[in-house]
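Dear colleague,

Please find below the structure that I am handing over to you. The findings follow directly after it.

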Amino acid sequence: MRNRDLATIRARVKGVKYLSPMVMSWGGENNVVKGQKAGTYNVRGVYSEYFQIETQHILRGRLLNDIDVKEKRKVCLIGNIVEEVLFEQGEDPIGQYIRVNGIYYQVVGVIKPKPKAQIGGRTEESIMLPFTTLQQTSNQGDKFWFLCATAQDGYNCDAMVEDIKAILKSQNEISPTDTQAVNSFTIAKQFQQFDMLFTGVNLLVWFVGMGTLLAGIIGVSNIMMVTVRERTREIGVRRAIGAKPINIITQIMSESILLTALAGMIGLTVGVFLLDIINRGIKSGGESANATFFANPEIHIGTAIAATVVLLFSGLCAGLIPAWRALQIKAIDAIREE
């Protein structure tokens, strides 16, 4: 593939969100040197858009940007393991120079990958250079061998890949029927499987949650029915001395809402407490425990507010039948009740 292919792909392929070519350079054993320390690491040249495709934790400094690529600057990013090997503990690598395949580059950032699936090797043990810089210093002309792309939201990833392949074949004298000249792989299907899995989990959570909430409403309603039965004489006396129906309804409904809200707040507090314990456990477990699809568990403030509203509404519903039952009590019959 050549640099000219990138402009054509951007102009003709629909659905491309981020696009970054990649070139690699192998310099043999101990190809990266800082003073008396050395190591063997991957060397990759990328566009700034690459960091939108494979996102990174910026531990120090900054990422590569468009100006670095345009001006072919001799700057680099290093993985966190590279930093540990080449620099002393507590030493700031930003602004210092390291020798990569015989050429000196200034370190502008230290990174650590967010996703577990990484492109072109382990980023922790890699050196990232501006794409144009590595093309020139490694004498690769305008060629590159790997292309990374992300589809726009809602766009078919497989269709985008086929469109890109068609352009690459047409511009590089490859037969349209040749299925082996341009190889590709996507992780769209894996993400779709995970998406379907979590959709099923969400539906299950909703089903269990609504069932539990309904059982709670019935339970509170039964408690209030018993309360109304035990306070028949009190209700009768209040009716006899002039209490209006709204007074009786307010009394029953307020007790029902109070019971539901109190139990709900206790449950919400316990849930937040347990999630905080889980979150601390994940962080204390180190990187191995910090899974890509399960990190930083928490309850969003919007979810907490919505849950509170639902609880109050549930308490209101739970008190409807007991309140109606209390209104059916006649004053004279209630006073005679023993």
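Strand E4 (residues 42-46) runs parallel to strand E9 (residues 126-130), and 5 bridges join the two. Strands, labelled E, are DSSP runs of at least two residues, helices are H or I runs of at least four, and both are numbered from the N terminus. Two strands are taken to pair if DSSP finds at least two bridges between them. E4 is also joined to E1 by 4 bridges, and these two strands run antiparallel. Val 46 of E4 stands opposite Pro 130 in E9, and Met 22 stands opposite Val 46. Of the 5 residues of E4, 4 are buried, so the strand is largely enclosed by the rest of the structure. Here buried means under 20% relative accessible area, exposed means over 50%, and partly exposed lies in between (1.4 Å probe, protein chains only).

Please note that this is a predicted model, in which local features need pLDDT of at least 70 and side-chain atom pairs count only at pLDDT 80 or more, while totals for chains, interfaces and linings use all residues. Residues are numbered from 1 along each chain as its sequence is written, and side-chain values use heavy atoms, with hydrogens and water left out.

Helix H1 (residues 3-12) has Asp 5, Leu 6, Thr 8 and Ile 9 as its buried residues. These pack against strand E1 (16-25), strand E10 (146-151) and H6, where contact means heavy atoms within 4.5 Å.

Three helix pairs may be of interest to you. Axes are lines fitted to C-alpha atoms, for helices over the stretch in contact, and angles run from 0 to 180 degrees between N-to-C directions.

The axes of H1 and H6 cross at roughly 140° and come within 10 Å. That makes H1 oblique to H6; angles under 35 degrees count as roughly parallel, over 145 as roughly antiparallel, 65 to 115 as roughly perpendicular, and the rest as oblique. From H1, the residues Arg 4, Asp 5, Thr 8, Ile 9 and Arg 12 meet Ile 164, Ile 167, Leu 168 and Gln 171 in H6. The residues of this contact divide into 4 nonpolar, 2 polar and 3 charged. In this scheme Ala, Val, Leu, Ile, Met, Phe, Trp, Tyr, Cys and Pro count as nonpolar, Asp, Glu, Lys and Arg as charged, and the others, Gly among them, as polar.

H7 and helix H10 (residues 301-318) pack at an angle of about 45°, their axes being 8 Å apart. H7 is therefore oblique to H10. Leu 213, Ile 217, Val 220 and Ser 221 in H7 meet Val 310, Ser 314 and Ala 318 in H10. This contact is made up of 5 nonpolar, 2 polar and no charged residues.

H7 also packs with helix H11 (residues 320-327), at an angle of about 20° and with axes 8 Å apart. These two helices are therefore roughly parallel to each other. Ser 221, Met 224, Met 225 and Val 228 in H7 meet Ile 321, Pro 322, Arg 325 and Ala 326 in H11. Here the residues divide into 6 nonpolar, 1 polar and 1 charged.

Finally, Ile 174 lies in the loop between helix H6 (157-171) and helix H7 (188-230). Ile 174 is partly exposed, with a relative accessible area of 22%. Leaving aside neighbours within four places in sequence, Ile 174 is in contact with Leu 168, Lys 169, Ala 181 and Val 182.
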